[in-house]
Amino acid sequence: MNRVASIVKVDYAHKRGITGKGIGIAILDTGIYPHNDFEKRIIAFQDFIYRRRNSYDDCGHGTHIAGIAAGDGRMSNGYYRGIAPGANIISLKVLDYSGNGTVGNVLEGIEWIIRNKERYNIRVVNISVGTISKEEENEECQLVKGVNRAWDAGLVVCVAAGNNGPKPYSITTPGISRKVITVGSSDDNQPVEVGGALLTDYSGRGPNAACIIKPDIVTPGSNIWACKSIYRYRIRNGKGMYVKKSGTSMSTPVVSGACALLLSVYPQLTNAQVKRRLCESADDLGWESNRQGFGQLNIEKLLTLY
């Protein structure tokens, strides 16, 4: 079992055949490479940058996120299996080859998800991107309104806390939304490379501007191995199929996958009920709340809480 799987206790679910099967996870990111670990489970792809029809990822970030959330690990003999290896993936490319995009691209992707949630049984939305611009730092900004619309449409929305810690009020937008599930990193005490810089204590800290505690929950986010995008080339063997990345971007799909597991067992749960169960089942790490939220994800407790 890999390190993350052990820490969040996902083996409890997998041994019982709980894989998130049938649950759609929409990932707003840089796209997705048709990695063998996703075989037949990329059920929709939309490109809001270049308007291409076939799935691709010219950055690699989105593929890595999808691997953490829902890769089945077949090319690593299960070692790099994602949290919900049976879940379906809906990939929305809203970021370019450098990981940049506009608020408009993200909002367009969110509206597409809301329109198509029944068609693809989208229950979970993963947003491992954020901004710290002055125009987007309060709950009345367009990005927060966008994720709130998705939440109000009944979707479980998981958003990264950002990598601008450890100062207070360093949660990136739209993670400042009081509605969504904001995810921080529980292992940011070790120096890691994030965006080409060596960082430590990087996980965004709350509260938000309205003094709401953030993040809501934390999971590992440092040195996470998952699926690699090989742009323009089809992977034919196990060599070079995985890559290591760090940041709260990597923490977020761990929670998204956990939500898919929970919803595959209890599909009647609302997004508010999912958030409450996540928080109530988290392991208290003994840190102050604006660093850990309610604590570290514990999937075994999440699935057996009541």
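This is a predicted model: local features need pLDDT of at least 70, side-chain atom pairs count only at pLDDT 80 or more; totals for chains, interfaces and linings use all residues.

Biologist: Which residues of helix 7 are buried?

Modeller: Helix 7 spans residues 271–281, and its buried residues are Asn271, Val274, Lys275, Arg277, Leu278, Cys279 and Ser281.

Biologist: Helix 5 was named in that cover. Which residues of helix 5 are buried, and what do they pack against?

Modeller: In helix 5 the buried residues are Leu143, Val144, Gly146, Val147, Asn148, Ala150 and Trp151. They pack against helix 4, strand 4, strand 5, strand 6 and helix 7. After helix 5 comes glycine 154, with a positive phi near 95 degrees.

Biologist: How should I read the contact of helix 4 with helix 5? At what angle do they pack, and how far apart are their axes?

Modeller: One takes the angle between the two axes and asks which class it falls into. An angle under 35 degrees counts as roughly parallel. Helix 4 and helix 5 (residues 142–152) pack at about 10 degrees, and their axes are 10 Å apart. The two helices are therefore roughly parallel to each other.

Biologist: Which residues meet in this contact, and how do they divide by class?

Modeller: From helix 4, Val103, Val106, Leu107, Ile110, Glu111 and Ile114 meet Gln142, Leu143, Gly146, Val147, Arg149 and Ala150 of helix 5. The residues of this contact divide into eight nonpolar, two polar and two charged.

Biologist: Let us turn to pockets. What is the general idea behind finding them?

Modeller: Rolling a probe the size of a water molecule over the atoms shows where empty space is left. In this model the largest pocket holds about 900 Å³ of space.

Biologist: How many residues line the largest pocket, and which lie nearest its centre?

Modeller: The lining has 39 residues, and His61, Gly99, Ser128, Val129 and Ser249 lie nearest the centre. Helix 4 (103–116), strand 7 (192–194), strand 11 (242–245) and helix 6 (248–265) each supply at least two residues of that lining. By class, the lining has 13 nonpolar, 22 polar and four charged residues.

Biologist: Next, the backbone. Where are the cis peptide bonds?

Modeller: Threonine 173 and proline 174 are joined by a cis peptide bond with omega about 15 degrees, and proline 174 is in the loop between strand 5 and strand 6. Lysine 214 and proline 215 are likewise joined by a cis peptide bond, here with omega about -5 degrees. Proline 215 is in the loop between strand 8 (197–199) and strand 9.

Biologist: What is the phi of asparagine 121, and what is that of tyrosine 169?

Modeller: Asparagine 121 is a residue other than glycine with a positive phi, near 50 degrees; it lies in the loop between helix 4 and strand 4 (122–127). Tyrosine 169 is not a glycine either, yet its phi is positive, about 60 degrees, and it lies in the loop between strand 5 and strand 6.

Biologist: Are these two residues buried or exposed?

Modeller: Here one reads the relative accessible area: over 50% counts as exposed, and under 20% as buried. Asparagine 121, with 35%, is partly exposed, whereas tyrosine 169, at 54%, counts as exposed.

Biologist: Finally, which residues does glycine 71 touch, and where is glycine 71 placed?

Modeller: Glycine 71 is in the loop between helix 3 (61–70) and strand 3 (88–93), and is buried, with a relative accessible area of 0%. Not counting residues up to four places away in sequence, glycine 71 touches Asp37, Phe38, Arg41, Ala66, Arg81, Gly82 and Pro85. Its C-alpha atom is separated by 7.3 Å from that of cysteine 227, 156 residues apart along the chain.

Biologist: And what is in contact with glycine 130?

Modeller: Leaving aside neighbours within four places in sequence, glycine 130 is in contact with Thr172, Thr173 and Pro174. Glycine 130 is in the loop between strand 4 and helix 5. The proline in that contact, proline 174, belongs to the cis peptide bond with threonine 173 discussed above.

How values were computed
Residues are numbered from 1 along each chain as its sequence is written. Side-chain values use heavy atoms; hydrogens and water are left out. On a 1 Å grid over the protein atoms alone, a cavity is a set of points where a 1.4 Å probe fits but cannot get out, and a pocket is an open set with protein on both sides within 12 Å along at least five of seven lines; lining residues have an atom within 4 Å of a point. Grid points are joined across faces, edges and corners, and a volume is the space filled by probe spheres set on the points. Helices (H or I, at least four residues) and strands (E, at least two) are DSSP runs, numbered from the N terminus. Ala, Val, Leu, Ile, Met, Phe, Trp, Tyr, Cys and Pro count as nonpolar, Asp, Glu, Lys and Arg as charged, and the others, Gly among them, as polar. Axes are lines fitted to C-alpha atoms, for helices over the stretch in contact, and angles run from 0 to 180 degrees between N-to-C directions. Angles under 35 degrees count as roughly parallel, over 145 as roughly antiparallel, 65 to 115 as roughly perpendicular and the rest as oblique. Contact means heavy atoms within 4.5 Å. Buried means under 20% relative accessible area, exposed over 50%, partly exposed in between (1.4 Å probe, protein chains only).
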